[in-house]
Amino acid sequence: MSFAIEVPGEAAPLSLVELGKALEAAALSTDNAQRQSAGQQLQAWESHPDYYPALQSVFLDKSLPGPIRFLAVILLKNGIDKYWRHTAKHAVRPAEKQLIRSRLLQGSVDEEDRALSLHNALVIAKIVRIDYPNDWPEVLPTIINVTKTAKSSNPVHLSGALQVLLRVVKELGTARLRRSQTALRAVTPELIQLLGETYTEKTAYWQEFLMKGRGDEDDADYAMQNSLIALKILRRLVTVGYESPHTDPMVQDFWSLSQSQFDQFLNGVSHDSWIPAPYQELVGKHLIQFTKLHIDMSEMHPASFPALPNSIPLVRAYWNLVREFSEVFEKSGGIRQTSNENPGGSPKHEGPLSEKLALKGLLLLRSCVAIAYRQVQTFKYRSPETKDQEKEAIRIVKEELLTRDLLLDIVQVTISKLFIFRKSDLEAWEEDPEEWESQERYQGLAYEWAVRPCAERLLVDLLTYYKELGQPLLTYCDLATKIEMDIVTKEAAYCALGCAAAVLRDAFDFDRFLALTLVKDAQLQNPMAKLLRRRIAILLSQWIPVRCSQESKPTVYEIFRHLLNPEDTHNDEVVRITAARELKSVADDFEFTGAAFLPFAADIFNVLINLLQEVSSDETKVAILGTIRVIVSRMETHVSPFGDAIMATLPNLWESAGTEEYMIKQAILAIMSALVESVRDESRRYQGAIIPLLREAMDPESSLHLHLIEESVELWKTILVQTVPPVHPELVQLVVLALPLLEYDSIVASSCLEIVKNYILLCPREILDDSLRRPTLSALAKTLDLKSREQSQLGAVSIELMLRAAEVLGGVQGISILVQDMLEIGLLGTMLEGLHGAWESNQSTGPHRKVSKINTIQQTDYLALLARIALADPALFATMIAGFDSGGNVQTVWTWLSSIWFDNFDCMNDVARQKLSCLALTRLCELPNPMQDLVLARLQDYLTMWTSVVLELCDPTDADQPGFLPPGKDSLVWEGPVERNEYDLPIDVHERELASKDPVHTVSAFEFIKLRLQDLVQRVGGEQAFERDWAVNVDKNVLEGFQKLSQPR
């Protein structure tokens, strides 16, 4: 098969020839336009029937160039994720699946190219994870049979079959579905039997060849490769394939084999090895697999690990390995994390095998400490036998492994040998300072692949659970501070002192040590001084949170200023980055005060900002920005003098970050938020610089929108709560970016609702302008039906604030315009429809009772909005509700609306809401007929409401005469100036001032009711006519209850 290179049309029909052309253009063409066009064509075919079987056909055709076949299998692998599940849009059809499955094994077993075989194995594993066992039950038996056949016949086929098994076991072993886990465990014994035989046979073959020269060299190479793959599969199966591995005889046998062969292979890679140098790397890989087996077993099956044969002696043997390595640790070349990746995508680590094995020994010791003291919490049912096994495992580890002698030995070896800073460490430091600093920091992941950070973690673990180990450590540290030591030894001692901070806090005089020793050491002028300076920055960040007096804090800040000084040649990039990173912990200390830090702030802010311009790693920039954010936040108002300098830097840093570096922009937004919060109302001068960045981050068309939205909304909210009217015009226009986010059920939506509410409070005139009024009202209307109670209530409050603002700014005309908008967008119709449905629900009973679409809380919210309209303009309210009757009869709507309104008073748990509805309904008494007679027809409900609300509001402590139960002063009426306190935000004060003008807080309910009732009585002909025609229909006790409001007891 061969194809001519040409640009395929995007609508070209799919055929094997056209597919081949497209793949060839995409894989081999040097013309970018051709590659791009081919890529578009391939993407267009993804939803086409027969596309994926055709890709597989191209891959299986060995006459084609390797790059074309490679691209075909990559596209096939990617398509499995997107289209294999039957629920996917354009899912692969069952017949196509069957065809693809029938040819899958061929692509690995018969493939000599290892890269192609590997990627086909990944395809098989992805399909098995989805289809096994329901849709492809025969796959594992088939793979097992192929492996059995190839085991004794063809090493290439065996390699392909084992590669498939490895990928399948990895996929099923990481699956969360119980179905996949059960299916794997069902076939595990058979697999272990087969793989155990394969491993033993292939290992024996290559050992015989290496030791005695028997056999073929190529066969020995394949035997080593295949025994390694078999070992990789076995170590996974014995951990993921069993609930309790220690109870299975095959696991026990393999566990014992792993220990004996570990010792055997370890001798094989020593200086006087029986294994030739070219083969030692593969033998070393076998050893690493054994270490991974031991560590995985201890981490995944903590109850089984101590119960397996000779596990405790095994851990002690690992420690002996670490002790032996510690003697040469200082001369070892170190482990480097490279940019290359393993087939699974994890980074590669290159370095001496002895150091890798020592690292695994330290990791195994950490895991054993976790078995004893950090039991995994689970909701899974555990039988009494299982609990007993766990207790026994803990006892074995504590009593038989973690003895005092071993613990003291670990501490002594760790701090005297493994904490030593080596020449190889210094070379890595100077080769790539930023990368080395990032990997080595305590919070990093270097402990997973480097001995020294792992030894630090192990020491911290031991000191956490064996505090008595602090005493010998203290003796060592005291010695280190009293005698002249070389810098490398002292750095190791300070490392140990930092690890033990929490344990030694009461026994070690850190303040004295700081003043007499650290200050001097931080100023040492020595070629190796930078080692000690870096360690001092870390040591201070470890001790400040646990033990440091306020009197010593200025000394600490002075040391950090010194370490950050770029003019000192001993403060290289690593020292200054470390100091910048660790300063965050110092500033975040509970006892940090802005006043104490103020004398050092100018210099430190300056060097931190300059350091941002020097570093290139995004992770380092984010760390420095994080330190600046914490300092800005903790300094509070003391940061004001430095705000201009900080703000002058951030926009430029934002621009230099480009369009994809969202982490840096997140950090910048967080600093701005902290600065605005700290300087409070002075932040107005920064709004001009902040608003363009905020607009860019909130732009839904921006590629970074989703990454920056949380920080953007937080900054936006912070700006508004610190704003005093008038609001910046550009800030007002941003409100439209918040409106589309209101209807979502998320934290961001809640914050956006608060933002919109604050806009209504701060700039009501602008929000009620024609350009913003209806969009804002429409967006808020959608929030009323949200499931989140907090959001729906906040939406109702915001609409209520718009109604109040419309009345205040525009009077009757203003409220009329807003009500018209509410009618036209369907909000009022939705509200009244919901209330009518609730009323109908109340009228029906039994199994066929109508169900209300809104709950009582939503009823209260709707009624509060209607109350605002009625309180502002009762005539408008009456006209509005009449408009919802087809005949324009207000009585039709009033009958059911008044019924549910009065009933809802029992559900109003907020007395302010009760008073609002009371005032609104009372204002309807002012209207002439037909509303006058409709109100009087509800006189009993009115009197009940008035009595209940007035009694709820009255404050007997203000009564002039103790012998009466007077209406008293309304408890919701605020008198005098609005109260303020030092913790109030500007928005709090402004909201309280607006509330103080609300009728709810200015009008006495009793007097309000009294005046309107008197007017109503006069309009119906006086008291006698009122009592004869209307009061006669009221229950006596209701009437008496109302009369007692202003009468003696």
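Mentor: A salt bridge is a side-chain nitrogen of Lys or Arg within 4 Å of a carboxyl oxygen of Asp or Glu. Please note that this is a predicted model, in which local features need pLDDT of at least 70 and side-chain atom pairs count only at pLDDT 80 or more, while totals for chains, interfaces and linings use all residues. Residues are numbered from 1 along each chain as its sequence is written, and side-chain values use heavy atoms, with hydrogens and water left out.

Trainee: How many salt bridges does a search of the whole structure find?

Mentor: The search finds 62 salt bridges. In one of them, Arg-774 pairs with Glu-824, and the closest N and O atoms are 2.3 Å apart. This pair links distant parts of the chain, 50 residues apart: Arg-774 lies in helix H38 (residues 770-783) and Glu-824 in helix H39. Helices here are DSSP runs (H or I, at least four residues), numbered from the N terminus.

Trainee: Is Arg-774 buried, partly exposed or exposed?

Mentor: Buried means under 20% relative accessible area, exposed means over 50%, and partly exposed lies in between (1.4 Å probe, protein chains only). Arg-774 is partly exposed because its relative accessibility is 32%. Glu-824 has a value of 48%, so Glu-824 is partly exposed.

Trainee: Which side chain meets Lys-553 in a salt bridge?

Mentor: The partner of Lys-553 is Asp-589, at 3.1 Å from N to O. Lys-553 belongs to helix H26 (residues 553-563), whereas Asp-589 is in the loop between helix H27 (573-587) and helix H28 (594-614). Both Lys-553 and Asp-589 are buried.

Trainee: What does Asn-758 touch, not counting residues up to four places away in sequence?

Mentor: Contact means heavy atoms within 4.5 Å. Asn-758, in helix H36 (residues 747-762), touches Leu-720, Val-721 and Ile-987. Asn-758 counts as buried because its relative accessibility is 8%. Ile-987 is one of the buried residues of helix H47 (residues 986-995), and H36 is among the elements that cover the buried residues of H47.

Trainee: Where is Leu-939 found, and which residues is Leu-939 in contact with, leaving aside neighbours within four places in sequence?

Mentor: Leu-939 is in helix H46 (residues 939-953). Beyond those neighbours, Leu-939 is in contact with Phe-1026, Trp-1030, Ala-1031 and Val-1034. Its relative accessibility is 4%, so Leu-939 is buried. The C-alpha atoms of Leu-939 and Asn-1033 are separated by 8.3 Å, although these residues are 94 residues apart along the chain.

How values were computed:
Helix = DSSP H or I, 4+ residues; strand = E, 2+ residues; numbered from the N terminus.
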